[in-house]
Amino acid sequence: MSSATLDQPLSVDYILGRLGRAAERVGRDLSFMEVCGTHTVHAFRSGLHSLMPENVKLLSGPGCPVCVTSQGDIDLLIELGSRRGVTLCTYGDMIRVTGSAGQSLELARMNGADVRVVYSAMDAVKLAASDKKRQVVFAAVGFETTAPATAAAILAASKLRLTNFTALASHKLVVPAMLGLLATRRVNIDGFLCPGHVAVVVGAKAFAPIVERYGLPCVVGGFEANQIAAALARLVEMVAHGECGLENLYPQAVTDDGNATARAVLEEVFAPATVTWRALGEIPDSGLGIRPFYRLFDAKVRFGLKAVEVPEPPGCRCGDVITAQATPGDCKLFGRACTPVDPIGPCMVSSEGTCQAWFKYRRHGKPVRVASSRKPMGVGA
Ligand code: SF4
């Protein structure tokens, strides 16, 4: 694996110059995909889309953890959170996601359910330890970035011998989803901008199967506008030179093999599991199931739960949006019936969703530059 010279902090102008020259050399339309809600938001918020060469597009794939959660899993979560005697702890983004019957955790809370927003899985463990009369369930959603914290929480609950803490595990793995998406042959792309924070945990080498099996260049990138532009420039340069490789342009945080401690904790608590993704359906070994040794902390086992898959809300095209088959602008509900204040699908609910990013930064056609550098709150891809 190589780290190109673009891993150094360089000006956006210089990087865009390289990007433009390489794009001109290729001389055809190019599409690259990012699979990370943070890349989605930062690319739109910085106005990067409007600065890119006409023939280069950056598409958003299944990288927003709330958006890829299947409708069946969302229904399960809301049903469990509405039960008497259960305290449901969740990250903020999940609370407004709508179930198939129009319900949500927010509505359940208004009707008296004990639903609490937490900032970490360990907050839920502390809550369980402080009130043993309640069954505390942690809604464990997210990719490899949040899964180690869930694993650490289960280990802590085990050490404390808590009998009133469980996790409803819906964690998903990014690389199997990228491979699953390519296997559907529904996307026609020239390479992937790989998520830097997932790579911090799994290591840059984890993306090698995409290069080897599909011959698509992959570049691991950071999240500032110049880092995203640099990753895109390298992708276009690779296409221009007929190369296909895996490069790490985020070496400040990402190593070849990832974070050994986080991976060990994941390995201890979770096993790869076949899970259902919105729009992509079941993908083998694309999620994390709690190992039998820790089944006492598995909400599905404790409460005898099984997800039943149901269609998306009528008219909502989130499934098409997260697989780059449609843009939010193609959805008839976008900006009319569906807005961040009154969202219909998870892509508008989540601060990392493509629909919400479009609404905030691109609603009137061209992407706009927004000065704010505030980080969005979310599950974290
Ligand atoms: Fe779904 Fe709303 Fe996005 Fe349309 S605009 S795809 S209804 S989230």
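Trainee: At what angle do helix H1 (residues 12–26) and helix H12 (residues 225–240) pack?
Mentor: H1 and H12 pack at an angle of about 25°, and their axes are 8 Å apart. Helices here are DSSP runs (H or I, at least four residues), numbered from the N terminus, and axes are lines fitted to C-alpha atoms over the stretch in contact, with angles from 0 to 180 degrees between N-to-C directions. This is a predicted model, where local features need pLDDT of at least 70, side-chain atom pairs count only at pLDDT 80 or more, and totals for chains, interfaces and linings use all residues. Residues are numbered from 1 along each chain as its sequence is written, and side-chain values use heavy atoms, with hydrogens and water left out.

Trainee: How are H1 and H12 oriented, then?
Mentor: H1 and H12 are therefore roughly parallel to each other (under 35 degrees; over 145 is roughly antiparallel, 65 to 115 roughly perpendicular, the rest oblique).

Trainee: And where do H2 and H17 stand?
Mentor: Helix H2 (residues 37–45) and helix H17 (residues 354–361) have axes that come within 10 Å and cross at roughly 10°. That makes H2 roughly parallel to H17.

Trainee: What about H8 and H13?
Mentor: The axes of helix H8 (residues 147–159) and helix H13 (residues 260–269) cross at roughly 60°, coming within 9 Å. That makes H8 oblique to H13.

Trainee: New topic: which residues surround the ligand?
Mentor: The ligand is surrounded (a heavy atom within 4 Å) by Cys316, Arg317, Cys318, Cys331, Leu333, Phe334, Cys338, Gly345, Met348 and Cys355.

Trainee: How many of the shell are nonpolar?
Mentor: The shell around the ligand has 8 nonpolar residues, with 1 polar and 1 charged.

Key
Nonpolar A, V, L, I, M, F, W, Y, C, P; charged D, E, K, R; others polar. Helix = DSSP H or I, 4+ residues; strand = E, 2+ residues; numbered from the N terminus.
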